[in-house]
Amino acid sequence: MSSDNPPPAAGQSSGQSSGPTPAQMRIDPPKRSFWRNLSLVWLVPILALIVSLGIAWQTYAERGVTVEISFLNASGVRPGETTIRYRDVVIGAVEDVRFTSDLARVLVTASIDRDLANTLPADAQFWVVQPEVSARGITGLSTVLSGVYIEASFTPQADGEARTFVGMDSAPLAREGQQGTRITLRTRDANRISEGAPILFHGIEVGHIEAPRLILSGDSVVFDAFIMAPHDRRLTTATRFWDTSGFTVSLGTGGLSLNVGNLAALVTGGIAFDTIFSGGAPLNSGYVFDLFPDENAARQSLFTGVGANAVEMAIEFEGSVNGLAVGSPVRFRGLRVGEVRAIGAVLVDEGRRQGVRLRTTVALDPQALGLPVEAGAERTIDFLRDAVAEGLRAQLATSSLFTAALVIELAELPEAAPATIEQREDGMIVLPSVISDLPDFTATAEGVLERINALPVEDLMNQAITLMASIEAVVSSEGTRQAPDAALALIEDIRALVGGEDTQALPGELRGGLAEVRGIVEELRLRGAVDRLVTVLDSADTIAANAAAASGEIPALVDELRALVARANGVEIEELARAATRLVDSTDRLIGSDEMRELPPALAAALAEVSQVLAALREGEAIENVNRTLASTRSAAESVAQAMESLPDLSQRLERLVAQADGLIAAYGARSDFNTEAMQVMREFRDTARAVTQLARAIERNPNSLLIGR
Amino acid sequence: MTSAQENDSARSLTARQAGLVGCHSCGRVHPMGTPRCSRCGAELHSRMPGSLQKVWAWLFAGIVVYVPANIYPMLLTTSFGATTENTIIGGAVELMHYGSYGVALIVFVASVMIPVGKFLAIGYLALVVDPGSRLGGRLRHGQDLHGRQRLFEVVEFIGRWSMIDVFVVAILSALVQLDFAATINPGIAAVSFSLSVAFTMLAALSFDPRLIWDAEQDLN
C-alpha cells in the first residue's frame, strides 16, 4: 500500500518553507477495494494450480490397480521394465518381483490399467512370453531385444474383483474367449506326439493338443486337445482320431506307398480326425476319445461303445488259442462286433477228473450286433440265446492267410450239436464253441504242394540220361568200333555187288524193302512222340498260362523262374545234349569209318538192341511216362491254379515246379537238340538198315560173293 | 550495516523525497505526479504498482508447478522396447549410484538447490520489503540493505542458468530419436520445470529493487 500512495513529502517541504500553517488536512486517497487492488497476475498461479491439480487427478484416476501374479519362475521379468500386455497392447507394468513366504513361487506385483483391472475375472491367464523356436515356427521374436513381457488373456467381466492370479508356465493353447471344444485324447504311447502338435481335419489345422501326461491309475497317456470353433461341430461320438505323425511306408498290391504328412506334423507329431460313420451323438467338452495309431485302425474301429454298454461273455475253447490276443476281434458274418478282453485257463469238472479249458472273455457290442443303442446285457443275452438255439457257435478262425493271428468267429452252424448259453457259478455267461476246422485247410494246401513236389521229375531225367549213356556205351564199345570197319568193307562189297549187272534185278525188291522201312518210319512218326509232344506242349502252355496269371503281379518270381529254368537247362538239358551229341558223334564215326566191310556179329546184336530201344520208344513207354507225369502235372497245375487265387504265397513253389516241368519239356521238346539229334540218328539207322537189307538180298542171291569178294 | 553507511544513507536524499520520478525506460526525471514520460511516453511510477503482489503471484505459480516437476518423470528413455522414466531427484540418485558424483551434484544443484534457493530468496525479499507484513517485520532485524540488494542481483542473474536441465532434455529429445534402438522423450516434469523457472524469473522481474531502499527511509 505504501508504494501506490505518494507520501505527503512535498507538502512537508512546502510547509517548512512558508512557516506555520494550519495543520494540513491529511487526505487519504480513496481506498481501493481489495479486489480492485488484486493484480491479474494472480491468475497465473491459480491456473498453474488448476493444471497441476488436474494432472494429479488424472494420474490418480489413471493409476494402475495393483495385482499379484504368482509364477513358478519369473525368468526375465524385471520390475519397472516388464510390461503386461493384453492382445499385444500394454496394459500395465511389473512393479515388484519377490518370493512367496515359502520361496516356492515368485510373486510378481504389477499395476494394471484401472479400466481393464476392473474387468479381470478370477480365471484370467497370465504367462511370460519368451522367444521360442519350435517346429511350428518362431514366436516371441520381439522379446529377444525388448525383454520378456507378460501376456494376459481373459474374458472381460463386468465387475472383476480378482487381484491375485496364478500365472501359467507356458502360453495356453486356447486363448480365453476363443470358441471351441476341449476334448481329451487317450492313447497308450505318446512318443510321437509332443505338446502343441496340430490337429488336422482333411489336412487343415483346426486345433492343437496340450502336453501329454500319464494318468495316475493306468498305463495310458492322456492329453487335452482343443478344436477351434467352426470345426468342432464336426465332432460327434462317431469321430475317430488317429496319429499322423512322421510318415508311413506301406507295401501293398498297388506297390510301395509313402505317405508323408505336413512338415509340422512330421516333427512334432500330428493328429487327424474324421467322422467315420454317421449317427454319432453330439458331445460335450471333455469327451474322451481313443487315439488310433493310424488311419486304417481308426477306420476299422467301427466297434463303438466298448466300456459303455458292452456285454462281457466267456467262450471256452478246447484246442490251442495260440494266435489269439487281447484285443483280437470277434466277428459275426465278417463284421466286428466285439473284442477279446482276457484269455485265461479255468479248471472244469469233467466227470471225475478236472480238465483245463481255455476261457476267453470277450466284450460284445450290442449295437454292432444290430440291437438298439439302449439294449442292455439282458437283451443281448436273450438275443444270443435265440441265436445259439439256431446254431450260433463261436469258433477260432484265421484273420488272414499270411498271419497266424486268430479271431473269434461267431459262425452259424445249424447242424452243430445242440448247446445253450450257460451261466457258470462265477457269474460268467459262456457262449458255446465248436472246434475249428481251420487247421485242415492248411493241411490240404500243404498236401497239394507236397504231392506236386513229390512228382518223379528227377527220376525221369535220370532215366533219360541213363538211356543216353547206355546208347553211347553201346555205340562206343570196342565191338561196335570194330563193326564199322567190317560194315564198311561189307558196304563196299555191297556197292560193288549192287553196281554189278546181276544186281540190276534187285530194284523191285529193294523198293519193297524201302516201302517197308518207310512204313516203319511212318508208323514211328504216327505213333511217335509228335502228337504227344504237342499234347505236352499244350499242357505246358496251360501251366505257363497259369503261371503267368499267377506271377503277373510278382515280377520277381519271373526272374526266379528264369533262374530255375536256366538251372534246369544248365544241368539236365546240357547233359542230355552232350550225351546225344556224343552218341551222334560216335555214330558218325561208326558210319564214316573205312572198316565197315568187316561187319561183326555184334552189329546184329547192337542193331537188335537199338531196335529194342526204338521199339520201346515207339511203344511209348518213356513217352507214356512223360505223358502221365505231365497229365498229373497238369491236373496239379490246375488245382494249383485254382488255389492260386487264394494262395499267392504258394506260387513260388509252383514256379519251381513249372521250371522243372519246363526243363523236362524242353528236353523233349521239338526245338531241343536232343530231338533233332535223335531224328538224325534215326535217319542214319534207316540208311544203315536199307544198306543191310540190300546186302542181305545180295548175299541171299549170291552166297559165294561173300567168299570171292564180289 | 556499518554506522558510517547508515549515516550516509540517512543523509542522502531519494528522488521520491525530492518529489521527482525517473522514467524506467529512458531515465528522464520528471516531477512527481507526471503520468507519462515527456520524452519516451512510458508510464511513470515512483514505485512499480502492485510489484509485491505480482512477485507473490509469480512465486506462488512457480512453486506450484515445481511440485509436478519433481514428482513426474523428466525423461522417458525408450531403449529396445523398454521404457525407463527418470524424475529429477531419481536421475540424480541414479547417477550417484553409477558413481558419477560430479554430474549428480551438478544436476542436484541446478535442478533442486537453485530453484529452491530462488524461491526462498524471492520470498524473503518480498517479505522483508513489505512494511505491512508482520513476518517480514520479524525477519527485518538487521537492516542489511546492501546484502538484500546483492541477493536480488544474484537471484536475477542466476535465473537464466536454471534452465540447464531443460536444455539437456530438449537437446536429447531432439537428437536421440533412433526409433526402436533408443528414443528419449520429455516428460511432464520437463514442461513443469521450465514453467517453474520461467515463473520465478518473472517473479524476480516483478520485484522492484527500489523497495529495498525504502526501508532506509523508514528507519529514519
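## Interface of chains A and B

In this predicted model, chain A and chain B bury about 2,000 Å² between them. Carbon and sulfur atoms give 70% of that area. The contact involves 22 residues of chain A and 24 residues of chain B. Zero salt bridges are found by the rule across this interface.

## Nonpolar cores

The largest nonpolar core has 41 residues. The members that touch the most other members are B:M74, B:I122, B:F193 and B:F207. Helices from both chains supply at least two residues each: from chain A, α3 (43–62); from chain B, α2 (51–71), α4 (101–129), α6 (145–158), α7 (164–175), α8 (188–206) and α9 (210–219). The most is given by α2(B), with ten residues. In soluble globular proteins, nonpolar side chains tend to be buried together.

Leaving aside residues up to four places away in sequence, B:F207 touches B:S51, B:L52, B:V55, B:L125, B:A126, B:V129, B:F152 and B:I212.

## Helix α6 of chain B

Helix α6(B) has 14 residues and, at 1.5 Å a residue, should span 20 Å. Buried residues in α6(B) are B:L145, B:G147, B:R148, B:Q149, B:F152 and B:V155. One of these, B:F152, is also among the residues that B:F207 touches.

## Strand β10 of chain A

A:T181 lies in strand β10 of chain A, which covers residues 180–187. The relative accessible area of A:T181 is 11%, and the residue is therefore buried, the limit being under 20%. Not counting residues up to four places away in sequence, A:T181 touches A:A225, A:F226, A:I227, A:D232, A:L235, A:L283 and A:S285.

## Cysteines

A disulfide is a covalent bond between the sulfur atoms of two cysteines. Over all chains, a search of the whole structure finds zero disulfides. For B:C26, the nearest cysteine sulfur is that of B:C37, 3.4 Å away. The cut-off is 2.5 Å, so B:C26 is in no disulfide. With a relative accessible area of 29%, B:C26 is partly exposed.

B:C40 is likewise in no disulfide. The nearest cysteine sulfur to B:C40 belongs to B:C23 and is 3.3 Å away. The relative accessibility of B:C40 is 39%, so this residue counts as partly exposed.

Notes. Residues numbered from 1 in each chain as written. Chains lettered and ligands numbered in written order. Predicted model: local features only at pLDDT ≥ 70, side-chain atom pairs only at ≥ 80, totals over all residues. Heavy atoms only, no water. Core = buried A, V, L, I, M, F, W, Y, C linked by side-chain atoms within 4.5 Å. Buried < 20%, exposed > 50% of the residue type's maximum accessible area, 1.4 Å probe, protein only. Helix = DSSP H or I, 4+ residues; strand = E, 2+ residues; numbered from the N terminus. Contact = heavy atoms within 4.5 Å. Expected span 1.5 Å × (residues − 1). Buried area = accessible area lost by both parts, 1.4 Å probe. Salt bridge = Lys/Arg side-chain N within 4 Å of Asp/Glu carboxyl O.
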